[in-house]
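This report is written for a reader who is new to the structure below.

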Amino acid sequence: MGKRAQTRMIDALTYLILLIGAVGMVTPFLWMVSTSFKLPADQFTKTFIPPTFTLKNFQALFAYRDISFPLLFLNSTVIALLTTIGQLLTCSMAAFCFAVVRFKGREVLFTLLLLTLLIPFHVTLIPNFIIFSWLGLVGTSVPLWLPAFWGGAFGTFLLRQYFLTIPRDLVDAARVDGATLPQIYWQVYLPLAKPALAALAIFSFQGAWNDLLRPLVYMPAAPNTTLTVGLALFQTQMTRGGNFTVLMAGALISILPLLIVFFFAQRFFIEGIALTGVKR
Amino acid sequence: MEAGLKPLGREKFWLWAMLTPTLFGLFFSAFGSLLATLALSFTRWDLLTPPQWAGFANYVALFKDPKYLTALINTVRFTAMYVPGVVIVSLLVAVLMNRGLKGISFFRTAYYLPAVTSAVATALVWQMIYGKDTGILNYLLESMGLQPVCWLCTDMALYSVTIVNIWGAIGEGMIIFLAGLTAIPKEYYEAAEMDGAKGIQKFFRITLPLITPSIFFQTLISTINAFQAYDYIYMLTRRGQGDSSVPVVVFSIYRNAWHFSNYGGASAQAIELTLIVAVLMGLYLWLEKRFVVYE
């Protein structure tokens, strides 16, 4: 077998393996979309095209009495937006200090911050819960977004990696023009770091939107809860009745905002993850 | 790393002002909470009556609690399957995607989808797919003449749940590995080809050693994620009273704290899990020194 024929065969094999994998990755989503447009009577038919196409599931979802999906949607949006704002602000400030400014204890503090990535999340959950319950904030959304305003190792690390790639000459030039630290942060670094900020914004929003354990702890009961907890409660009710079509409509609605962001801003997802993984 | 910008006069104030939220989070929320949990683990406390000193009673009770031991074993078994699964599959996918073929961006989007969407929503459709009498998976098995499987029954559920968790994590691993693969200088491959190296040889002699930093990073991240895995497990295996057909330690912590108001016992479980993670991290760092190649 010639070398070209061999390369072609390997290419074909590559496509085949990737295609089989891709089918496995995407089928659950297609199944979700397909089921959400089926009649309840057709919910277990094994065809991708609904035998009878219907929008009734979505109507039923929004008319559902025990769980108000518009309210859940609003709650999740507010929590995710506040989380994003908090993370962008506090992580970028810290990342700027760690990447640009020289000060005593910088390396030690940064190492300590990175160490927190290794602390399993649930270890901090109980004391945090106790404090928030003393403050009378359990049952409100405050415990879900307030911690985003005290920084985070992941976001700080991601932004610092990006800040380090910004040429030092810009700082020196700004210094000559008499710019102060906060001005250099706000006028030089933030505008140049838009791709990294976009990546962090997306990850923060996504993390808050998809979070389940913390909402289960802080806002466990309908009607005032998040989409994830609402869907879990809905799952119990719908599965008992064997009604999957409305459940799939709910699942679809809940992933739609992130899917839309992903299709338009895929670059930032990919670059953001790559940024945390390449350099140490 | 170079020295960096020196704060002048009053700028010192701004420096620490900008660091304040992060320092608060670091010392109060992260390390402070860790210490608080440690202290709580030596008490008996339901949050309603004053806490009582319990010494090591909570830790001793852990080893007599069959529910907890089951959860611990499940967590270890889950981690032992999940971490290699994620690392191997996403490395394979990344290597195939890195061959520079056309149309790869389509595949990249497809593989990344589960990493974008919430585990809660996708678990709902997996519940349907795994359905014993009605799911498509058993439908496919039966149409191939095989016996249907009870995917979410007690003896199978751990494996089914692990598969879904790996499915959800491939996207991120793939991106980490792709970034690592594109960072390998092309000259290495060209030099190897001059010496007559074949595809497989190139993979084992160049790609694999030079990708070890990414493998190390991904193994570390996956291990931490494995010990915290909750969403899919909650959605696919939960029963009443905070119980589950595949209880893991996070489940057990949640159940003890928020169903039984046993905050001391839950804290002891959290601390013990942290210790296990810490030991594993130490092991990884030791392995890193021996096997990871940095240029």
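Between which helices of chain A is the loop in which A:Pro223 is found? The loop lies between α11 (213-218) and α12 (227-241) of chain A.

## A predicted model

The structure is a predicted model. For the complex, the predictor gives an ipTM of 0.92 and a pTM of 0.93.

The mean pLDDT of chain A is 92, with 98% of its residues at 70 or more. Chain B also averages a pLDDT of 92, and 99% of its residues score at least 70.

## The cis peptide bond in chain A

The peptide bond that leads from A:Ala222 to A:Pro223 is cis, and its omega is near 5°. Most peptide bonds are trans, and most residues other than glycine have a negative phi.

## Chain A

Chain A has 14 helices and zero strands. Its pattern along the sequence is therefore a run of α elements, α-α-α-α-α-α-α-α-α-α-α-α-α-α. The radius of gyration of chain A is 24 Å, whereas the globule rule gives 19 Å for 280 residues, so the chain is more spread out than a compact globule.

The C-alpha trace of chain A spans about 75 × 75 × 35 Å along its principal axes. Buried residues account for 41% of the 280 residues of the chain. Among the contacts in chain A with a separation of 6 or more, 75% are between residues 24 or more positions apart.

## A buried arginine

Helix α7 (residues 153-163) of chain A contains A:Arg160. Is A:Arg160 buried or exposed? A:Arg160 counts as buried because 22 other C-beta atoms lie within 10 Å, and the cut-off for a buried residue is 20 or more.

With neighbours within four places in sequence left aside, A:Arg160 is in contact with A:Ala95, A:Phe98 and A:Ala99. The C-alpha atoms of A:Arg160 and A:Ala193 are 9.9 Å apart, although 33 residues separate the two along the chain.

## Chain B

Chain B has 13 helices and two strands. Its C-alpha atoms fill a box of roughly 75 × 75 × 35 Å along the principal axes. Of its 295 residues, 41% are buried. Residues 24 or more positions apart make up 69% of the contacts in chain B with a separation of 6 or more.

## Two positive phi values in chain B

B:Leu47 is placed in the loop between β1 (43-44) and β2 (52-53) of chain B. It is a residue other than glycine with a positive phi, near 75°. B:Leu47 is partly exposed, since it has 13 other C-beta atoms within 10 Å. B:Ser261 is in the loop between α12 (249-258) and α13 (263-291) of chain B, and its phi is also positive, near 50°. B:Ser261 is partly exposed too, because 14 other C-beta atoms lie within 10 Å.

Which residues is B:Leu47 in contact with, leaving aside its neighbours within four places in sequence? In chain B they are B:Ser261 and B:Tyr263, and in chain A they are A:Ile130 and A:Ser133.

## The contact between the chains

The contact takes 76 residues from chain A and 77 residues from chain B. On the chain B side, helix α1 (residues 11-40) gives the most, with 17 residues. By class, that side has 56 nonpolar, 16 polar and five charged residues.

## The nonpolar core

The largest nonpolar core has 150 residues. Which residues have the most contacts inside it? They are A:Phe96 and A:Ala251. Apart from its neighbours within four places in sequence, A:Phe96 is in contact with A:Phe163, A:Tyr185 and A:Tyr189, and also with B:Met18 of the other chain.

Definitions and conventions: Residues are numbered from 1 along each chain as its sequence is written. Chains are lettered from A and ligands numbered from 1 in the order in which they are written. This is a predicted model: local features need pLDDT of at least 70, side-chain atom pairs count only at pLDDT 80 or more; totals for chains, interfaces and linings use all residues. Helices (H or I, at least four residues) and strands (E, at least two) are DSSP runs, numbered from the N terminus. A residue is buried if 20 or more other C-beta atoms lie within 10 Å of its own, exposed if 12 or fewer, and partly exposed in between; C-beta atoms are placed from the backbone. Two residues are in contact if their C-beta atoms, placed from the backbone, lie within 7 Å. Ala, Val, Leu, Ile, Met, Phe, Trp, Tyr, Cys and Pro count as nonpolar, Asp, Glu, Lys and Arg as charged, and the others, Gly among them, as polar. A nonpolar core is a set of buried Ala, Val, Leu, Ile, Met, Phe, Trp, Tyr and Cys residues joined through C-beta atoms within 7 Å. pLDDT is the predictor's confidence in each residue, from 0 to 100. The radius of gyration is taken over C-alpha atoms; the globule rule is 2.2 Å times the number of residues to the power 0.38.
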